[in-house]
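Me: Hi! I'm new to this one, could you walk me through it?

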Amino acid sequence: MGSVPGRRGRLRVADRVYARIAARAAREVLADAWPAGRAKGAPPHVSVTVPGSTVMVRVELELPFPSDIAALAGAVRQRIAERVVGLTGTRVSEVVVVVEKLVTGGAS
């Protein structure tokens with residue numbers, strides 16, 4: 001028979017797994033923001049902190065210019081939170097999006 005849930009053990013997700021999920025989610029959002037055939041900027045740089053049972057994510061991005069920076073940052077924030085919760089079951093307490101650079105040649 002099955003054991004009591006509290007006695008089955010514990011699953012620990014490595015910080016690098018959270019970081020990879022977050023980076024992939026950011027790239028998904030940004031893929032449509034860059035015009036076809038143009039440079040896509042540097043890949044997102046992600047760092048995570050896992051204080052207890054939640055995860056905090058910081059992602060540094062290069063965004064296309066011109067573009068709606070606030071909307072892109074919000075979409076990245078939302079997608080990261082959704083993906084981390086959906087794939088790991090870990091609650092995301094904070095997602096900080098830092099725009100490191102604006103790269104000319106974005107969608108008008």
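Reply: Happy to; we can start with the sheet and then turn to one residue. Keep in mind that this is a predicted model.

Me: Thanks! How many strands form the sheet, and in what order?

Reply: There are 3 strands, in the order β1-β2-β3, and they make an open sheet with mixed pairing. At the edges sit β1 (45-49) and β3 (91-104), each of which pairs on one side only. On average, neighbouring strands are turned by 15° against each other, direction ignored.

Me: And how many bridges join β2 to β3?

Reply: Strand β2 (residues 54-65) is joined to β3 by 12 bridges, and the two run parallel.

Me: Which strands do the helices touch?

Reply: Helix α1 (residues 15-31) packs on the sheet and touches β1 and β2, with its direction at about 30° to that of β2. Helix α2 (residues 69-88) also packs on the sheet, touching β2 and β3, and its direction makes about 140° with that of β3.

Me: Switching topic: where does Glu62 lie?

Reply: Glu62 is in strand β2, and Lys101 in β3 stands opposite Glu62.

Me: Is Glu62 buried or exposed?

Reply: Glu62 is buried, yet has no salt bridge. Lys101 is the nearest side chain of opposite charge, 4.6 Å away.

Me: So why doesn't that pair count as a salt bridge?

Reply: Because a salt bridge needs the side-chain nitrogen within 4 Å of a carboxyl oxygen, and Lys101 is 4.6 Å away.

Me: What does the side chain of Glu62 reach, then?

Reply: The backbone nitrogen of Ala42, at 3.0 Å. Leaving aside neighbours within four places in sequence, Glu62 is also in contact with other residues, including Leu30, Trp34 and Val103.

Methods:
Residues are numbered from 1 along each chain as its sequence is written. This is a predicted model: local features need pLDDT of at least 70, side-chain atom pairs count only at pLDDT 80 or more; totals for chains, interfaces and linings use all residues. Side-chain values use heavy atoms; hydrogens and water are left out. Two strands pair if DSSP finds at least two bridges between them. Helices (H or I, at least four residues) and strands (E, at least two) are DSSP runs, numbered from the N terminus. Axes are lines fitted to C-alpha atoms, for helices over the stretch in contact, and angles run from 0 to 180 degrees between N-to-C directions. Contact means heavy atoms within 4.5 Å. Buried means under 20% relative accessible area, exposed over 50%, partly exposed in between (1.4 Å probe, protein chains only). Lys and Arg count as positive and Asp and Glu as negative; His and the chain ends are not counted. A polar contact is a pair of N or O atoms within 3.5 Å; within protein, one must be able to donate a hydrogen and the other to accept it, and residues adjacent in sequence count only if both atoms are side-chain atoms.
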